[in-house]
Amino acid sequence: MSAHDQGGSQTGARTRVLHQDRRLTRRSVAHTIAAIIPGAGLLGTRYRRLGAILLGILAAVLVIGALVVLAKGALTTALNIAVNPTSLMVLVVLTIVVAVVWILSIVLTHAGTAPPRTDRSTRRGLRILTAVMCLLVALPAFQVVRYALIQRDVVGTVFSGPSLGGLKPSDGAAAPDPSSSDPWNGVDRVNLLLVGSDAGNDRVGVRTDSMVVASIDPQTGHATLISLPRNLERAPIPASDPLHTFFPNGFYCPTRGTGHDCLLNAIWAEAVSHTDLYPGDNNPGLTALRHVIGETIGLNIDYSTVIDLDGFEALVNAMGGVKVNVTQRLPINGYHPGDNPNLIAGVEGWIEPGEQTLNGHQALWYARSRLTTDDYSRMRRQRCLIGSILGQVNPVSMLSQYPQLADVAKQNISTDIPVAQLPAWVNLVQRIQKGGVGSLTFTSDNINPSDPNFTKMRSLVKEALVASTSPSASSANSTPTATNTTGTATKSAGKSTGKSTSKSSKTTATPTPTTISQSAPTGVVNVADAC
């Protein structure tokens, strides 16, 4: 054979080897990418049996998961896991195991398909591809584990958390049966007290400036929000509560001066000042408030949730703001110098009338401000915010901000709903979304806060709950169902909620809004109509 023939033969051999290496490289790339499906990349390697097993397990999990979702629904399934600490820990362990096995299958795919002869750049490229595929599995798995552990911590902290001091639901509380296909079967009504705590570094003790009872019919899902004014006087204290010894004729303090010290929002602090009367009770303030409100409206308060209003700001910011139709010009912060209702000082800014998107700080003051209005206008605005938030919440945005929201929840929210009941409450919330939410607010239009007729209040509550069971209860009808009185309240605005000490703020005359008080009607209205 001539030298020329030998040279041609060697060139041809090198070309065949080069083509083969390129083919093997493309094969390795294809199998490594296919490994994003657990086991799929192994089918073309000597680990094909392991690949088949992994694919079989994946298929079984998908079938079982599909059956569960079809039976209960995707949202219900996810929420039931999210509120169950045991399920969350199982999810964490399974996620870690699955991620490790999945990543190992990707590495094995690379090892089983990498060309035996290749240049350095090709080897580096295949390793980079393998690392990228592993990261595509590891990063989502890390996030699942992170969020699951955060959620487990939130559930363990918020439910029977430190703000409630381990308080248990009231005796005889309406309790669902979590093991039943319909956990609320046989439960006629459940009453949840929602307390907005206005505690702060510049204040002594806890002031419950927002008190709402959500009375829910579990069968229809219709909920009625019963709002009580913070300045309600002479609130009845049942004989079963230790404070009854000091206030047998209601929470009234004529010996303290004007009698305005004993408002409903001071019940908590009053009980805290007599902790010796509540032996073994870690939270006498909430215990007393629950008893008093239950006696006032004629309902047994089953469960309680306490929310620090300062945490509300972070919630709204995480939503990207909340769109509200502002009907009055409202100040942010401020006070009346010398208690002169015609002058204001210390105002940081104004929330102007019109439809606009409020950030967290603005929304907080939209709900709190009463410098130029009154308590009843503030109650209306709070109901407006509830309706707006329920209608505008963006799950994607909330999920992206979840770690921050979880921290806010742990610091600002507590409830005595038992963890074991949470799946049943998930079911109840879904019923409420379909059943609708109505609102009954006690204002100076239907009661006299300084000397209320509690028999009338209980009668209005009873009428509202009876009306909520009617076929039209879940509709968006805003016509009051209880007897309505006409007229507009014109009560004094009272003192500011947060007195500023700033010396640089200019004192100005109080602007006169078009309507000083926008009191709610006496009957039940759709909560969204409060705007």
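Of the 531 residues in the protein, 47% are buried, where buried denotes a relative accessible area under 20%, exposed over 50% and partly exposed the range in between (1.4 Å probe, protein chains only). The protein exposes about 25,800 Å², of which carbon and sulfur atoms supply 59%; these areas come from the Shrake-Rupley method with a 1.4 Å probe. The model is a predicted one, in which local features need pLDDT of at least 70 and side-chain atom pairs count only at pLDDT 80 or more, while totals for chains, interfaces and linings use all residues. Residues are numbered from 1 along each chain as its sequence is written, and side-chain values use heavy atoms, with hydrogens and water left out.

The mean pLDDT of the protein is 79, and 79% of its residues reach 70 or more; pLDDT is the predictor's confidence in each residue, from 0 to 100.

The secondary structure comprises 14 helices and 13 strands, taken as DSSP runs numbered from the N terminus (helices: H or I, at least four residues; strands: E, at least two). Among contacts between residues at least 6 apart in sequence, 75% join residues at least 24 apart, a contact being heavy atoms within 4.5 Å.

Two helix pairs were examined by their axes, which are lines fitted to C-alpha atoms over the stretch in contact, with angles from 0 to 180 degrees between N-to-C directions. The axes of helix 2 (residues 48–72) and helix 3 (residues 74–82) come within 6 Å and cross at roughly 105°. Helix 2 is therefore roughly perpendicular to helix 3 (65 to 115 degrees; under 35 counts as roughly parallel, over 145 as roughly antiparallel and the rest as oblique). In this pair, V68, V69 and K72 of helix 2 meet A74, T76 and T77 of helix 3. The contact has 3 nonpolar, 2 polar and 1 charged residues, with Ala, Val, Leu, Ile, Met, Phe, Trp, Tyr, Cys and Pro counted as nonpolar, Asp, Glu, Lys and Arg as charged, and the others, Gly among them, as polar.

For helix 7 and helix 14 (residues 454–467), the axes come within 7 Å and cross at roughly 80°, so helix 7 is roughly perpendicular to helix 14. Here E295, T296 and I297 of helix 7 meet F454, M457, R458 and V461 of helix 14. By class, this contact has 4 nonpolar, 1 polar and 2 charged residues.
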